[in-house]
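Subject: A structure for you to explore

Hi,

Here is the structure I promised to pass on to you. Please open it and keep it beside you while you read my notes.

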Amino acid sequence: MHRFSTIVASLLLVGACATPEPSDDMGVVMPEEPTWRTLIDHTQWQEQNADVDPAAGHRPGAVECAGGWYEELGGLEVDTSLCNYLSIEQPLLADLEEGDLVRLRMWWASLASVDPAEGHIAVFVDGMPLWEEHVAIPGPAEARSLEFESPISAPEGATLTLHLHNHGYNTWNFHELIALGSDT
């Protein structure tokens with residue numbers, strides 16, 4: 001009898017220590033691991049109408065931007081010698097929740113101008129600012145790889161706007177905009 005009790009106790013102990021993998025068959029719902037989601041597709045940018053431009057107060061009387069922005073090396077390049085003001089849009093490719101971690105990568109060449117000025121680059125979602133930066137011109141070439149919490153929530157398909165204006169003939173590259181959060 002003692003030997004039988006030891007075997008049963010051993011089996012119970014092993015069973016208590018063994019943790020089965022949760023599965024749908026067991027009715028266990030596991031939270032999804034956060035994943036990086038792409039928010040933009042550089043082949044989908046379109047010019048934005050002045051009447052919906054969230055930075056319309058910066059818009060010059062005459063916008064001249066034919067051929068001044070294009071996909072380049074997996075990102076978007078803006079040549080301000082051909083584009084005096086940029087306001088382009090596309091649908092947001094994934095839901096964005098307030099608090100999601102957002103990663104933005106961009107860079108620019110040396111910023112030249114005879115007169116001191118300021119460049120302004122911004123990203124809006126449905127007219128609300130997601131991120132912006134003012135850059136002194138003239139100035140050195142720089143790169144940004146930023147991570148910040150999204151201050152806003154927006155559904156997939158919301159209007160994402162990229163805004164850029166500066167003074168002088170410069171080149172800006174907007175490369176990545178992704179968010180980390182649950183896919184649910």
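Before we start, one term: two residues are in contact when they have heavy atoms within 4.5 Å. With that in mind, look at the contacts in this protein whose separation is 6 or more: 78% of them join residues 24 or more positions apart. Please remember that this is a predicted model.

**The overall picture**

You will find 1 helix and 11 strands. Following the sequence, the pattern reads α-β-β-β-β-β-β-β-β-β-β-β. The protein has 184 residues, and buried ones make up 38% of them. Its accessible surface comes to about 10,600 Å², with 55% of that belonging to carbon and sulfur atoms.

**The largest pocket**

Rolling a probe the size of a water molecule over the atoms shows where empty space is left. The largest pocket holds about 150 Å³ of space. Its lining is made up of 13 residues, and those nearest the centre are Glu 47, Gln 48, Arg 59, Val 63 and Ser 87. Sorted by class, the pocket lining has 8 nonpolar, 3 polar and 2 charged residues. Which strand gives the most to this lining? That is β5, residues 86-91, with 3 residues.

**The cavity**

Counting cavities of 30 Å³ or more gives 1. The largest cavity has about 30 Å³ of space. Around this cavity you can pick out Leu 76, Val 78, Leu 86, Ile 121, Leu 162, His 163, Leu 164, Trp 172, Asn 173 and Phe 174. Two or more lining residues come from each of β4 (75-79), β10 (159-165) and β11. By class, the cavity lining has 8 nonpolar and 2 polar residues, and no charged ones.

**A closer look at Asn 173**

Asn 173 is one of the residues lining the largest cavity, and it belongs to strand β11, residues 171-181. Is Asn 173 buried or exposed? Its relative accessibility is 9%. A residue counts as buried when that value is under 20%, so Asn 173 is buried. Leaving aside residues up to four places away in sequence, Asn 173 touches Leu 76, Glu 77, Met 106 and Trp 107.

Enjoy exploring!

Best wishes

How values were computed
Residues are numbered from 1 along each chain as its sequence is written. This is a predicted model: local features need pLDDT of at least 70, side-chain atom pairs count only at pLDDT 80 or more; totals for chains, interfaces and linings use all residues. Side-chain values use heavy atoms; hydrogens and water are left out. On a 1 Å grid over the protein atoms alone, a cavity is a set of points where a 1.4 Å probe fits but cannot get out, and a pocket is an open set with protein on both sides within 12 Å along at least five of seven lines; lining residues have an atom within 4 Å of a point. Grid points are joined across faces, edges and corners, and a volume is the space filled by probe spheres set on the points. Helices (H or I, at least four residues) and strands (E, at least two) are DSSP runs, numbered from the N terminus. Ala, Val, Leu, Ile, Met, Phe, Trp, Tyr, Cys and Pro count as nonpolar, Asp, Glu, Lys and Arg as charged, and the others, Gly among them, as polar. Buried means under 20% relative accessible area, exposed over 50%, partly exposed in between (1.4 Å probe, protein chains only). Accessible areas come from the Shrake-Rupley method with a 1.4 Å probe; for residues, only the protein chains shown count as cover.
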